[in-house]
Amino acid sequence: MSRPLRLGALSAALLLTALAAGCGGDGGRPDTSARQKPAWSSCPAPSSSQDAAATKAPGGEWECATLHVPLDYRKPHGKTIGIAMIRAKATDRRHRIGSLIFNFGGPGGSGVATLPALASSYKQLRTRYDLVSFDPRGVGRSSGVRCLGDRQLDAYYAADSTPDDSAEVKSLVRRVKTYAAGCEKNSGPILPYVGTTNAARDMDLMRRVLGDKKMHYFGVSYGTELGGVYAHLYPKNVGRALFDGVVDPMQTPEQGALGQAKGFQRALDDYLKACTRTSVYSCPTQNRIRTLLKRLDSRPVRGYGGRKLTESLADGGIAQSLYSREYWQYLTQGIAAAQQGDGRILLALGDAMNGRGPDGRYSTLQSALTAITCADYKQRYTVPDIERELPTFRKVSPVFGDMMAWGLTQCTAWPVHGAWTTPDVSAKGAAPILVVGNTGDPATPYEGAARMAKELGPGVGVQLTYKGEGHGAYDSGNACVRKTVNAYLLQGTVPPKGKVCT
């Protein structure tokens with residue numbers, strides 16, 4: 001969890017064969033140029049690899065296809081992979097602007113699964129845009145990264161992720177090494193190529209294949225980092241771009257994890273205050289939550305399907321519930337039930353965080369998150385590194401500090417070197433990009449929006465502030481945010497600097 005996740009486990013569908021590799025030479029090698037013509041057709045039911053809760057295909061308004069891209073852009077005539085795409089065409093064809101490409105974050109979230117599930121929120125945008133999204137390389141149907149089997153993952157996520165002594169630390173390190181080795185064994189050929197820079201290159205090829213002169217973009221959470229990298233690589237190609245739930249591009253993984261610890265703690269504090277004012281249920285306190293987690297560390301309680309709620313699964317479930325105010329009621333009920341020995345609600349929330357479907361199958365959400373994070377960042381944190389910083393993490397978050405700090409081990413044994421210390425998002429010459437920060441955002445704390453706007457450069461990053469709760473702003477239901485963003489994306493109206501929505 002050292003990088004921000006998007007909200008929940010959302011669903012969608014697609015028709016696609018995500019080509020894992022093409023042959024070199026002429027023969028049947030797919031066309032990876034901008035001249036390729038994707039074969040758009042109806043979408044089938046979603047795949048378990050896509051973190052999808054829905055079991056039915058989206059309606060006839062949706063169509064799917066495969067974009068063929070080079071596996072390694074340094075070898076444009078070498079092996080290829082397929083990038084799964086989905087779209088719904090603009091309803092007002094006469095006033096159509098172009099395609100609006102969505103990335104909902106993770107990294108590791110399936111855009112093909114998510115866009116149809118959220119499409120009602122973008123109905124107004126669809127009047128003038130074709131709504132388009134995709135599974136980035138390494139995700140879902142786009143050669144999704146697989147590391148362990150489903151039962152192995154059940155054990156992996158249930159295991160103690162906040163060790164209390166040297167024996168538990170050694171056990172954690174062994175599990176991390178086993179996980180990384182599984183990723184290399186099952187997905188080794190794609191691991192060096194799943195980084196954000198290659199995803200940005202895929203997006204520019206997608207833009208050209210879709211016939212758009214400019215990249216119109218809607219990025220959420222990690223999608224803002226991807227958008228920033230795109231803007232740095234292709235500043236002249238930026239059209240109207242929205243960054244919502246903004247990643248701080250200046251932070252190392254350690255700084256990002258510490259920022260998330262602060263963000264989730266702040267969101268938990270806000271939840272606890274709101275609960276005492278509005279809930280019809282008995283509200284927890286921070287001390288009771290910590291006591292519950294400590295008890296679960298040694299005595300898990302019953303969940304469902306023969307599984308138990310452990311401390312690690314409960315930690316993840318509590319964090320998942322803070323992504324949206326709509327989840328707060330389930331957090332209240334879940335904590336009360338777990339205190340009475342019933343862990344089903346918190347376990348369901350923890351499963352959503354980990355990309356586990358009701359059928360017990362895992363999507364590629366978390367494995368892709370790790371693979372993309374480790375392909376991007378050079379930093380590899382050791383046990384002494386983490387132990388040295390634990391007091392700081394615990395100080396900023398008594399509930400989430402340990403979990404966030406030990407999560408930095410995810411890349412320690414990774415078989416691929418990272419690309420950067422922090423990404424370069426400077427985009428001199430790009431059109432204005434609207435950067436929206438939410439003051440109560442747990443996963444991408446508000447402070448990151450100002451830093452992103454600054455790093456994009458003068459005249460490029462334009463910040464909008466939303467004083468709210470939850471991850472992101474556009475889908476919060478706030479009328480001011482929705483009106484401001486729609487005016488920008490549909491009419492090109494850039495809001496005044498420093499505008500605030502409450």
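Let me begin with helix 12, whose buried residues are Leu 365, Gln 366, Ser 367, Ala 368, Leu 369, Thr 370, Ala 371, Ile 372, Thr 373, Cys 374, Ala 375 and Asp 376, where buried means under 20% relative accessible area, exposed over 50% and partly exposed in between, with a 1.4 Å probe and protein chains only. Please keep in mind that this is a predicted model, in which local features need pLDDT of at least 70 and side-chain atom pairs count only at pLDDT 80 or more, while totals for chains, interfaces and linings use all residues. Residues are numbered from 1 along each chain as its sequence is written, and side-chain values use heavy atoms, with hydrogens and water left out.

Helix 12 is mostly covered, with 12 of its 12 residues buried, and among the elements that cover these residues are helix 3, helix 4 (166-187), helix 5 (196-209), helix 6 and helix 11 (344-354). Helices here are DSSP runs of H or I with at least four residues, strands are runs of E with at least two, and both are numbered from the N terminus. The expected span of a helix is 1.5 Å times one less than its number of residues, so the 12 residues of helix 12 should span 16 Å, which agrees with the 16 Å between its end C-alpha atoms.

Turning to the backbone, two serines have a positive phi: Ser 143, at about 55 degrees, lies in the loop between strand 5 (129-134) and helix 3 (150-158), and this serine is buried, with a relative accessible area of 15%. Ser 221, with phi near 60 degrees, sits in the loop between strand 6 (215-220) and helix 6 (222-233), and Ser 221 is also buried, at 0% relative accessibility.

A cis peptide bond, with omega about -5 degrees, joins Gly 106 and Pro 107, and Pro 107 belongs to the loop between strand 4 (98-103) and helix 1 (111-118).

Not counting residues up to four places away in sequence, Asp 315 touches Thr 162, Leu 293, Val 399, Phe 400 and Met 403, contact meaning heavy atoms within 4.5 Å.
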